Amino acid sequence: MADQNMKNPTGIGAAIRRKEDMRFLLGRGNYVADMKFQNMTYGVLLRSPHAHARIKSIDTADALKLPGVVAVFTGVDLLADKVGGLPCAWPVTGKGGAATKEPVHPALAQGKIRHVGDPVAFVVAETLEQARDGAEAVMVDYEELPAVVGVLDALKTGAPAVFDEIPDNICVDWEIGDKAATDAAFAKAAHVARLGLVNNRLVGNPMEPRAAIGDYDISRDHHTLWTTSQFPHIAKLLMGNFVLGIPQHKLRVVSPDVGGGFGVKQFHYAEEVLVTWASRKVCRPVKWVCERSEGFISDAHARDHVTEAEMALDENGKFLGLRVSTIANMGGYLSTFGPNIPTNLYGPLLAGVYTTPAVYCEVKCVFTNTLPVDAYRGAGRPEATFCLERLVDVCAIEMNIPKDEIRRRNIIRKEAYPYQTPVMMNYDSGDPLGCLDKALIAADWKGFPARKADAAKRGKLRGIGVCTYVEACGLAPSRVAIRLGVRGGLFESATVRVHPTGHVTVLMGTHSHGQGHETTCAQIVSTKLGIPAENVEIVFGDTDKVQFGLGTYGSRSAAVGGSALAKAANKVIMKSKKIAAHMLEADESDIEFEGGVFTVAGTDRTKTFGDVALMAHFPVDYPLEILEPGLEEQSFYDPVNFTFPCGAHIAEVEIDPETGFVQLLNYVAVDDVGTVINPMIVEGQIHGGVVQGVGQALFEDCVYDLVSGQLLSGSFMDYCMPRADSVPNMTVQTHVTACTHNELGVKGCGEVGTIGSPATVINAVVDALQHLGVTHVDMPASPNRVWRIIANAGGAQVGK
Amino acid sequence: MQINFTLNGKPVSVDVPPQELLSELLRERLGLTGTHVGCDTSQCGACVVHVDGASVKSCSTLAASLNDATVISIEGLAPPGGLHPMQKAFHEHHGLQCGFCTPGMVMSAVDFAKDNAKPTPEAVRGWLEGNICRCTGYQNIVASVIAGAAAMHADVKGA
């Protein structure tokens with residue numbers, strides 16, 4: 001493929017500018033909140049102000065009398081219509097074969113409230129203002145109950161039960177790895193390092209708030225849902241089949257331009273059910289647009305782990321065994337993929353890029369009176385990396401081994417791939433040591449002591465942190481995923497539609513909401529078919545246009561969707577060769593195809609791709625007896641393995657001991673994302689990913705009052721998003737080893753930044769404070785937290 | 001109340017309720033949905049437009065205050081069929097991903113660049129503190145603004 005790149009300025013490997021940019025730059029994007037339909041109504045949700053309560057009564061009479069109010073719905077109305085709960089699509093199997101507990105998750109509360117923001121009533125009115133007034137007029141009588149908020153509290157004897165039928169609040173108690181072998185490793189260890197940590201709770205906050213419009217057409221008995229989804233086909237399948245009982249051929253789900261997702265928009269949400277169902281009830285379109293403060297109490301949250309981890313080492317600092325025990329917050333209900341995130345996407349990743357022979361991990365998933373917790377960029381893998389890489393630094397500090405050196409001693413060598421870990425994964429390819437070496441050079445690791453001394457002269461504490469990581473992405477080989485609990489396949493699909501003119505429309509089952517697929521998918525077609533990328537249009541996000549697909553999350557679009565696209569293009573080429581052979585009066589086996597031209601081998605007789613496309617549609621001289629006309633091919637591709645991007649990141653920080661403020665000064669990311677389709681886009685993905693991880697490490701914190709269950713960080717005034725002046729320019733490099741099991745060699749780049757950066761930044765912060773006896777700092781390393789650590793240690797002692 | 005103002009070069013006369021926000025007027029009544037609303041606390045900057053040449057957050061501007069004002073939204077920044085130099089720079093430097101913050105980001109950047117032909121990255125980052133982007137990590141936005149500023153001033157010189 002590299003040869004073709006050299007000749008093809010818009011093919012794989014070219015940093016072409018994005019095809020999708022124009023509409024966004026001109027203000028002509030088409031987001032759900034921008035859409036209007038004739039006769040449209042507006043929906044507003046009344047949400048619970050309490051974290052845990054029984055609903056004694058709901059009185060909608062006053063609301064219904066208000067001008068413009070069309071209807072007011074409550075949980076009782078959903079029950080009467082036999083509307084089902086929001087299903088969990090990925091339960092897991094716990095210790096001893098125990099099933100995940102899946103209590104009903106109603107779209108509108110039925111009798112009990114389980115978190116602040118739990119939807120109670122849905123008011124539909126002629127205008128948004130009238131719907132808001134209506135929601136204010138709904139009278140709800142609550143009986144408040146004691147709430148349980150933190151995961152440790154949820155496990156205490158006598159803790160309030162989020163669900164009456166689950167008195168211990170445990171959703172599933174899961175494990176992976178060989179416990180006996182790991183215990184044996186600890187028994188023979190020369191040193192054991194231990195670390196207790198909290199992985200702070202986050203809110204994903206894509207810049208476009210969620211929105212949904214339901215549009216029921218009574219004349220066709222047909223429903224359309226317009227929604228801000230990364231995954232329109234699953235909204236269609238879950239909502240149609242399990243919640244509303246709409247036959248699949250009577251439901252269309254469209255996700256037009258979506259303003260960022262980061263995982264938060266892949267789940268099936270209550271509001272999608274409500275607008276679709278309410279539209280049928282009122283026989284008019286119903287539009288709901290989330291406000292940001294409403295998003296904080298209705299989008300699924302992320303992370304929220306409490307973990308104890310220990311590493312057994314021999315006297316040379318070789319890892320012998322890793323034991324991890326985590327308690328993960330599921331929130332007040334199971335979100336679509338909730339239980340899968342802190343289990344399957346966490347435990348197996350604890351092996352990292354190291355040769356640790358024994359790993360054992362157990363995870364208790366618990367219910368609390370908080371928002372449901374689910375995937376957010378990285379999803380389980382940043383948590384695993386944070387745990388492992390923080391613990392590795394503790395090992396280095398305690399054994400007095402340099403932090404780069406302890407990693408070097410344990411890292412999997414390039415020659416050892418494919419590498420089977422003790423926790424399920426078989427890494428097909430990678431060179432983490434190559435990434436580490438490149439990163440150490442790019443960050444001038446050796447020059448750090450001089451920079452630290454210089455900072456000390458200025459009264460600042462300077463620290464450097466390094467982290468390696470591995471990611472399992474390209475979700476997912478269906479057979480493996482189904483064994484791990486997913487209720488569906490995780491293949492991907494693509495259709496390549498060649499027009500009579502040789503222009504191409506591609507229908508992708510993935511969804512682009514910032515990733516630039518309209519460009520990168522066109523580049524794949526450009527390389528395969530030898531046509532310019534501008535001759536290719538990419539369509540996605542409409543279940544009536546696109547064959548079944550499985551959306552965009554888990555860095556899967558290039559590895560799984562791109563592979564489906566390459567396969568469909570291969571089918572187009574196969575058929576085109578038959579047509580070309582007929583046109584050139586040659587044997588099919590003698591036809592060569594390169595750079596958009598079919599040639600009879602060894603001759604100068606040629607036909608272009610355009611010639612063949614025309615002949616396929618105007619078959620005047622065409623072997624119709626043996627070959628169908630037309631030129632359109634479809635592929636469904638199921639990967640044989642996960643893909644495993646890996647890499648090494650280095651951060652450098654300075655801490656002002658007077659204020660505790662951490663300034664991130666330098667960041668280097670060296671990532672193996674497999675084949676790079678568009679280096680400009682890959683770099684942009686890594687920039688964004690790193691800053692999201694930096695956000696977790698230094699700024700972002702979703703905080704609940706631990707007694708009342710009130711969300712204390714419910715707006716951008718309280719929840720600190722990274723701003724332009726929060727971060728420095730970073731250095732991004734790739735260190736490519738091709739994936740061995742897909743045609744393009746791609747691994748995925750969407751999440752690598754977020755996976756590596758939290759541990760990298762905190763390792764740097766701890767490094768700056770190490771002389772004070774500090775071995776860990778929980779996230780976010782806010783000025784308040786860091787200042788207290790320095791004060792408790794008796795002052796900064798700058799220069800020591 | 002009745003207000004008259006110039007919007008993207010054309011006169012507009014419209015009756016506005018006293019509580020109506022400029023963002024609501026543009027999006028809900030005048031059909032200009034390029035101005036986005038990404039928060040409800042005047043923090044995100046997705047709604048930035050120009051009023052009398054200065055960037056303002058339209059989510060915090062009362063429409064009633066606009067009588068006789070000149071308003072430019074993202075739809076009116078470039079000449080028809082073309083791109084403003086700042087829009088070109090965002091395209092060239094990959095300064096956008098999902099596109100949701102982009103209109104506000106571009107409008108804010110244009111105001112900044114008017115008086116800053118050769119800004120430092122630090123100055124750009126300081127100015128854009130009121131515009132949140134969740135996708136790009138800001139690095140390519142900073143590069144775009146620096147390039148856009150240079151192009152805006154080159155255009156002025158050339159003209």
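## A core and a partner chain

Let's start inside: the largest nonpolar core has 310 residues, and Ala121(A), Val123(A), Val506(A), Val525(A), Leu565(A) and Val765(A) touch the most other members. Such a core is a set of buried Ala, Val, Leu, Ile, Met, Phe, Trp, Tyr and Cys residues joined through C-beta atoms within 7 Å; buried means that 20 or more other C-beta atoms lie within 10 Å of a residue's own, with C-beta atoms placed from the backbone. This is a predicted model, where local features need pLDDT of at least 70, side-chain atom pairs count only at pLDDT 80 or more, and totals for chains, interfaces and linings use all residues. Residues are numbered from 1 along each chain as its sequence is written, while chains are lettered from A and ligands numbered from 1 in the order in which they are written.

- In soluble globular proteins, nonpolar side chains tend to be buried together.

**Chain A as a whole**
- You can find 21 helices and 28 strands in chain A.
- Of its 800 residues, 61% count as buried.

**Where the chains meet**
- Chain B has 44 residues in contact with 39 residues of chain A; contact means C-beta atoms, placed from the backbone, within 7 Å.
- On chain B, the elements giving two or more residues to this side are helix H2 (85–92), helix H3 (102–114), helix H4 (121–127) and helix H5 (139–158).

Key. Contact = placed C-beta atoms within 7 Å. Helix = DSSP H or I, 4+ residues; strand = E, 2+ residues; numbered from the N terminus. Buried ≥ 20, exposed ≤ 12 C-beta atoms within 10 Å, placed from the backbone.
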